[in-house]
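My notes follow in the order I looked things up.

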Amino acid sequence: MKASELYLLGKHLMELAARGMRDDADPETPEIYDVLISVLVGGPGMSIGELTARTGFAQSHVSGAVARMRAEGAVVTRPDPADRRRTLVVPVDALVEAVALRQQRAAEEILASALAELDPDRDSVADRAARLTRAAEELYRLLTARALGVDEDAALTPLHSLAEKTTGRPRNGERT
């Protein structure tokens, strides 16, 4: 695979994910909103730096989107109790309820749907989707660990545990 093909693969995956995270009744919103909301629903109470590392968007874009989302009432911000210089971004409860299920839809389901559209006879669609999903999960975990500056073993832990390892403290008042 060439670098240009990897880039185009990323674009295709982003389009599939965007379709999978939306409902036909959803209003049109900027892509960055959808991505930030998805990440926040998976691990609310993240700093701008954590959101930047997880999403790959530039810090200035994340800050601007968070400011607009705050003005629209989709998120609230508050000082980090452990470090008052940091600001945590938290989605409002109504937003979490509205998007949690559809934005956390299984990647395997989205891939299987796309594969069935292309060539349902070539391999078993379910088997191929499962195999591709496992490979994508591994790549996601490794690249996320790299972006957050944690070791590869940490990349195999859930979203909240990665942030906990990065910050060195439990999330949302939890005790270890």
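**Entry 1: helix α2**

I started with α2, which is mostly covered: nine of its 12 residues are buried. Buried here is under 20% relative accessible area, exposed is over 50%, and partly exposed lies in between, with a 1.4 Å probe and protein chains only. The buried ones are Ile32, Tyr33, Asp34, Leu36, Ile37, Ser38, Val39, Leu40 and Val41. I also checked the length of α2: its end C-alpha atoms are 17 Å apart, which agrees with the 16 Å that 12 residues should span at 1.5 Å a residue. The expected span is 1.5 Å times one less than the number of residues.

**Entry 2: ground rules**

I noted that this is a predicted model, where local features need pLDDT of at least 70, side-chain atom pairs count only at pLDDT 80 or more, and totals for chains, interfaces and linings use all residues. Numbering runs from 1 along each chain as its sequence is written, and side-chain values use heavy atoms, with hydrogens and water left out.

**Entry 3: confidence**

I looked up pLDDT, the predictor's confidence in each residue from 0 to 100. The protein averages 76, and 75% of the residues score at least 70.

**Entry 4: layout**

I counted eight helices and three strands, in the order α-α-β-α-α-β-β-α-α-α-α from the N terminus. These are DSSP runs, with helices being H or I of at least four residues and strands being E of at least two. Of the 176 residues, 32% count as buried. The accessible surface comes to about 11100 Å², with 55% of it belonging to carbon and sulfur atoms; the areas come from the Shrake-Rupley method with a 1.4 Å probe. Among contacts with a separation of 6 or more, 46% are between residues 24 or more positions apart.

Next I went after the nonpolar cores, meaning sets of buried Ala, Val, Leu, Ile, Met, Phe, Trp, Tyr and Cys residues joined through side-chain atoms within 4.5 Å. The largest has 18 residues, and Leu36, Leu51, Val66, Met69 and Val89 have the most contacts inside it. Which helices each supply at least two of its residues? They are α2 (31–42), α3 (48–55) and α4 (59–71), and α2 gives the most, with seven. I picked out Leu51, which touches Leu36, Val39, Leu40, Met46, Val62, Val66 and Val89 when residues up to four places away in sequence are not counted.

I then looked at Ala65, which sits in helix α4. Why does Ala65 count as buried? Its relative accessible area is 0%. Apart from neighbours within four places in sequence, Ala65 is in contact with Ile32, Tyr33 and Leu36. Ala65 and Leu36 are 29 residues apart in sequence and 8.5 Å apart in space, C-alpha to C-alpha.

**Entry 5: the sheet**

I traced an open sheet of three strands in the order β1-β3-β2, with antiparallel pairing. Two strands pair if DSSP finds at least two bridges between them. The edge strands, β1 (46–47) and β2 (75–80), each pair on one side only. Two bridges link β1 and β3 (residues 83–91): Ser47 has Leu88 as its partner, and Met46 stands opposite Val89. Six bridges join β2 to β3, including the one between Val76 and Val90. A hairpin of two residues connects β2 to β3.

**Entry 6: the second core**

I found a second, separate core of eight residues, including Ile110, Leu111, Ala112 and Val125. In helix α6 (residues 107–118), Ile110, Leu111, Ala112, Ala114 and Leu115 are buried. The buried residues of α6 pack against α1 (3–20) and α7 (125–148). Leaving out residues up to four places away in sequence, Thr133 touches Ala107, Glu108 and Leu111.

Technical notes:
Contact means heavy atoms within 4.5 Å.
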